Amino acid sequence: QAAAPLHPVAVQCQEAQVVVTVHRDLFGTGRLVKAADLTLGSAACLPVAQSAAETTVTFVAGLHECGSTLQMTPDSLIYKTSLSYKPTPSGNPIVVRTNAAVVPIECHYPRKSNVSSNAVRPTWAPFHSTLAAEERLMFSLRLMNDDWSGERVSNGFQLGESLHLQADVASGNHVPLRLFVDDCVATLRPDRNSSPRYALIDLSGCLVDGRSDDTTSAFISPRPRQETLQFMVDAFKFAGDDRNLIYITCHLKVSPADQAPNPLNKACSFNKASSLWAPVEGTGDICSCCETGNCPLYG
């Protein structure tokens, strides 16, 4: 809908960006708000243009920009952001005459679209006839009960306990796949690149936390299924920091199930009894780079 006093915020969800047009008569009172008091998203992005008559303000942002968040449902990708109005005093600096406001904004995109397969006659579950447009594979990483029977209700742990982590991929009508955990890093903030940071899994599938003298961290072997990988990590906290909340961010990937594990696609644990690295599947030599640190990365 066109931005007008009755509909003061108009949103266009384009292929790679969202365009938000805001009528400065935001509350329909005839009193125009200041363009400088309007921002988009948690990153507080500023408008890119004002209309010639200066009655509308336009924001343009990439779907992943300005602090937007992505939610996936079985059928849709939903990008969420918000328009914020925070009035600053004008005239008399002691009083303001309008309320702050937040307008939620969502863009919905179908996860699947049809493409022609007239020249293709697949002999297995249709892949070309119903091809997902984006995010074909749904990955998950969950904290599990001690017996792996279900997801853990609480995310609280005492030092001395073990975290049971399970990575899964739902591949739908895809060819059979084997899941790997490329790396996992623990941080005190959601940003995986923040400091301090501690690598639990590194070097394309080496559970390096298990190399420490005081840990029993390891991958669980054998797997319950090819699309699942389980591993245990001893609970820990950052030295010299009293915060009790730790973020664990992992990079998951898949390879064809009929492809033999290799130094790039592997799940290796350190066996303290033998002082050797051992893979969940594959030959032992694929783990040798866990000790040298010369593993290929993100091939």
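**Figure 1. Serine 194 and its contact with aspartate 191.** In this predicted model, the side chain of serine 194 reaches the backbone oxygen of aspartate 191 at 2.7 Å. Serine 194 sits in the loop between β13 (177-187) and β14 (197-201). Is serine 194 buried or exposed? Its relative accessible area is 3%, so serine 194 counts as buried, the cut-off being under 20%. Leaving aside neighbours within four places in sequence, serine 194 touches Thr187 and Arg189.

**Figure 2. The salt bridge between arginine 192 and aspartate 183.** The closest N and O atoms of this pair are 3.0 Å apart. Arginine 192 is partly exposed, at a relative accessible area of 25%. Aspartate 183 is buried, at 5% relative accessibility. The structure holds nine salt bridges.

**Figure 3. The salt bridge between glutamate 291 and arginine 211.** Here the closest N and O atoms are 2.8 Å apart. Glutamate 291 belongs to helix α1 (residues 288-292), while arginine 211 is in the loop between β14 and β15 (218-219), so the pair ties together parts that are 80 residues apart in sequence. Glutamate 291 is partly exposed, with 45% relative accessibility. Arginine 211 is also partly exposed, with a relative accessible area of 35%.

**Figure 4. The salt bridge between glutamate 281 and arginine 223.** The closest N and O atoms of glutamate 281 and arginine 223 are 2.8 Å apart. Which parts of the chain does this pair tie together? Glutamate 281 lies in the loop between β19 (276-279) and α1, and arginine 223 in the loop between β15 and β16 (228-234), so the linked parts are 58 residues apart in sequence. Both glutamate 281 and arginine 223 are buried. Elsewhere, salt bridges with shared partners join Arg142, Glu151, Asp168 and Arg225 into one network.

**Figure 5. The hairpin of β6 and β7.** Strand β6 (residues 69-72) is joined to β7 by a hairpin through three residues. The two strands run antiparallel, and four bridges join β6 to β7 (residues 76-85). Glutamine 71 stands opposite isoleucine 78 in β7. Leucine 77 also lies in β7. Leucine 77 is buried, with a relative accessible area of 2%. What separates leucine 77 from histidine 108, in sequence and in space? The two are 31 residues apart in sequence and 5.8 Å apart in space, C-alpha to C-alpha.

Figure 6. Leucine 70 lies in β6. Leucine 70 is partly exposed, at a relative accessible area of 37%.

**Figure 7. An open sheet of four strands.** The strands follow the order β1-β2-β5-β4, with antiparallel pairing. Five bridges join β1 to β2 (residues 17-23). Cysteine 13 stands opposite valine 18 in β2.

**Figure 8. The whole protein, for context.** The protein has one helix and 19 strands. Buried residues make up 38% of its 299 residues. Of the contacts with a separation of 6 or more, 57% are between residues 24 or more positions apart. The accessible surface comes to about 17000 Å², and 52% of this belongs to carbon and sulfur atoms.

Methods
Residues numbered from 1 in each chain as written. Predicted model: local features only at pLDDT ≥ 70, side-chain atom pairs only at ≥ 80, totals over all residues. Heavy atoms only, no water. Buried < 20%, exposed > 50% of the residue type's maximum accessible area, 1.4 Å probe, protein only. Polar contact = N/O pair within 3.5 Å; in protein donor to acceptor, adjacent residues only side chain to side chain. Contact = heavy atoms within 4.5 Å. Pairing = 2+ DSSP bridges. Areas by Shrake-Rupley, 256 points an atom, 1.4 Å probe, with all protein chains shown as cover. Salt bridge = Lys/Arg side-chain N within 4 Å of Asp/Glu carboxyl O.
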